[in-house]
Amino acid sequence: MKKHIHICLILLSIAVTQAQNSNTNIDLKTTIIPPAKVDKLTGDSYLIDFGKAFFGTIQLYSNKSQTDSLIIHLGEKLNDKNGVDKNPGATIRYQKIVLPQLTANTLILPKLTADKRNTTGAAIQLQDSIGVVMPFRYCEIENLKIPITELQVHQKALHHKFNDEASAFSSSNKILDSIWELCKHTIKATSFTGFYVDGDRERIPYEADAYINQLSHYSVDSLYTMARRTNSYFIENPTWPTEWLLHTVPMFYTDYMYTGDIEPLKQHYKNLKLKTLIELERADGLISSSSPNLNAAYIQKLGFKKADTKIKDIIDWPPAQKDTGWKLATPKGERDGYEIVPVNTVVNAFYYYNLKLMAEIATVLDKKEDAAFFKKKAKNVKTTMNTKFFNSDRGYYTDGEGSTHSSLHANMMPLAFGIVPKEHVKTVTEFIKTRGMACSVYGAQYLLEGLYLSNEAQYALDLITDTKGDRTWWNMIEIGATMTLEAWDVKYKPNADWNHAWGTAPLNITTRYMWGIKPKAAGFKIAEIQPQLANLKFSNIKVPTMNGVIKASFKKDKKTHQYIIEIPENMSAEFKVPLINLKGRHNGKKIKPKQQIIILNSGNHTIDLKQ
């Protein structure tokens with residue numbers, strides 16, 4: 001039986017935050033974290049649990065010397081004997097350190113061994129002064145000859161500047177609360193390079209990873225420098241998947257809506273036009289990565305250093321077992337059997353969304369001709385997609401031109417991007433609901449967006465809070481991860497890591513769609529609040545903006561839904577009345593019958609709605 005030990009000296013330690021990087025533009029910090037608990041394993045072995053995994057290293061301070069060597073094991077995962085898993089598999093991290101001795105009254109910072117793949121090549125490099133870091137939650141110590149109470153062990157966590165108090169969320173669903181906290185911690189903990197990187201295996205920025213990271217980061221903090229640094233990185237460092245390139249414009253547009261700053265749009269306007277892949281258009285307006293225009297010259301114009309870079313449609317990741325050679329639990333991978341034809345639905349759904357956003361960007365920059373041009377292009381693509389890809393007999397979309405197969409992806413993307421005509425939303429959503437979570441943690445972002453945009457809030461909430469099976473966020477918590485995984489489970493991606501921010505869809509979805517809090521006017525001068533709280537009995541949320549924090553709470557009984565909302569100074573909000581409510585009061589005054597929008601100026605508001 002393990003004996004639980006409390007170490008007063010450690011538990012009384014105050015977390016200390018220091019500037020770690022002399023480059024203030026990167027603004028990395030270290031936080032010194034005491035153990036959450038310490039357990040005795042054997043006579044001279046102990047397991048220290050810091051509660052959550054961070055990227056960083058370990059530091060020790062001993063009141064007594066020990067001449068014998070000390071063995072330290074750092075890892076993200078426990079084995080079945082409640083020690084650090086020394087063979088965790090996939091890209092779950094573990095490292096062994098041997099200290100020749102313990103010197104009393106000296107701060108000891110053991111050196112970690114660098115991983116070649118994530119510290120060379122295209123990986124984001126840390127400054128030499130920072131040293132090597134790895135993600136870990138646990139520290140197992142062997143051969144400790146002095147009393148454990150004489151040894152202070154801390155997790156030295158590296159992360160970007162982050163305001164923990166800027167956001168908060170709670171609700172009547174404790175599973176949802178736990179998943180939200182999992183995702184929020186992921187955003188902070190994965191910020192250790194000062195860029196949005198894909199995870200510890202590569203530490204490389206990828207556009208799709210970065211976009212979901214950005215949406216989630218902006219939902220919990222109002223510090224935008226890291227996103228901007230990453231956005232700028234992609235101008236000269238694009239990655240190979242077709243759809244990843246098509247995430248560039250959404251990233252820049254999102255930053256503009258949250259900050260109101262048009263300078264990045266001005267500076268990179270020509271490149272943003274290029275990243276829409278408009279030059280791959282054929283006569284009917286649709287694009288294809290098989291276009292003859294995708295030649296060496298165009299590859300280099302896009303920013304690739306190598307002219308022979310192959311741009312390929314990705315749809316979702318990982319692909320089928322036959323494409324990877326990996327032994328997958330689901331032989332079809334995460335693509336739901338998608339048939340990748342040359343002119344396909346998913347790529348053109350992203351293309352439509354890019355054109356739509358470019359029309360908005362051109363309008364902001366007072367480029368009227370461009371705005372009209374992109375608007376017309378978007379309309380044409382939407383019409384052509386609905387003509388060529390929609391199967392009117394079935395009531396939903398096929399995977400692309402010439403395909404008879406219909407996947408989740410070919411339907412959730414058009415739904416998320418507003419391509420589905422109103423008269424077909426019902427049949428498309430009905431098909432989507434037959435597929436379940438037949439996509440990756442990345443694809444889940446668009447699945448959930450599409451569902452909330454189609455008034456399927458309850459089904460979306462059920463997916464987020466599902467506790468059955470392993471294709472769930474709850475599974476990530478159950479297996480012991482404290483950051484979101486790269487895939488639903490290692491069996492769905494054999495080299496998956498335990499620290500991938502592209503798995504944080506529930507975080508930004510909760511803020512932006514469940515509570516419906518987004519910027520309606522650039523810079524959050526006007527917010528929109530459109531709650532779709534499904535069967536939640538109560539909920540509280542804090543949402544950071546550049547103008548201050550929006551605070552909101554909700555509770556309901558059998559007859560009344562009450563919202564209490566605080567809007568900060570220098571902004572207002574448009575509250576969209578849920579369709580289920582027939583009458584109500586705003587700050588004691590009757591709301592007009594069938595009123596859909598309530599204007600909330602700075603200050604406190606109470607909205608009581610009766611069914």
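**Exercise 1. Decide whether Arg-201 and Glu-202 are buried or exposed, and find how their side chains meet.**

Step 1. Arg-201 is buried, and Glu-202 is buried too. Here buried stands for under 20% relative accessible area, exposed for over 50%, and partly exposed for in between, using a 1.4 Å probe and protein chains only.

Step 2. The two side chains form a salt bridge, at 3.7 Å from N to O. That term covers a side-chain nitrogen of Lys or Arg within 4 Å of a carboxyl oxygen of Asp or Glu. Side chains of opposite charge can pair when their charged atoms come close.

A word on what you are looking at: this is a predicted model, where local features need pLDDT of at least 70 and side-chain atom pairs count only at pLDDT 80 or more, while totals for chains, interfaces and linings use all residues. Residues are numbered from 1 along each chain as its sequence is written, and side-chain values use heavy atoms, leaving out hydrogens and water.

**Exercise 2. Work out which parts of the chain are tied together by Glu-279 and Lys-301.**

Step 1. Start with the contact itself: the side chains of Glu-279 and Lys-301 meet in a salt bridge of 3.0 Å, N to O.

Step 2. Now place both ends. Glu-279 sits in the loop between helix H8 (269-275) and helix H9 (296-301), and Lys-301 sits in helix H9, so the pair ties together parts that are 22 residues apart in sequence. Helices (H or I, at least four residues) and strands (E, at least two) are DSSP runs, numbered from the N terminus.

Step 3. Check the surroundings. Glu-279 is partly exposed, with a relative accessible area of 35%, and Lys-301 is partly exposed as well, at 44%.

Step 4. Across the whole structure, a search finds 32 salt bridges.

**Exercise 3. Locate the partner of Asp-49 and say where each residue lies.**

Step 1. Asp-49 forms a salt bridge with Arg-137, and their closest N and O atoms are 2.9 Å apart.

Step 2. Asp-49 belongs to strand S5 (residues 46-62) and Arg-137 to strand S9 (residues 134-142), so distant parts of the chain, 88 residues apart, are linked.

Step 3. Both Asp-49 and Arg-137 are buried.

**Exercise 4. Describe the largest nonpolar core.**

Step 1. The largest nonpolar core has 162 residues, and Phe-417, Trp-473 and Phe-575 have the most contacts inside it. Such a core is a set of buried Ala, Val, Leu, Ile, Met, Phe, Trp, Tyr and Cys residues joined through side-chain atoms within 4.5 Å.

Step 2. Helix H11 (residues 345-364) gives the most to this core, with 13 residues.

Step 3. Zoom in on Phe-417. Apart from neighbours within four places in sequence, Phe-417 is in contact (heavy atoms within 4.5 Å) with Ala-349, Phe-350, Tyr-352, Tyr-353, Lys-356 and Tyr-446.

Step 4. A second, separate core has 23 residues, including Ile-72, Leu-112, Phe-136 and Ile-141.

**Exercise 5. Find how many disulfides the structure holds, then look at Cys-439.**

Step 1. There are 0 disulfides, a disulfide being a pair of cysteine sulfur atoms within 2.5 Å.

Step 2. For Cys-439, the nearest cysteine sulfur belongs to Cys-183 and is 15 Å away.

Step 3. Cys-439 counts as buried, at 0% relative accessibility.
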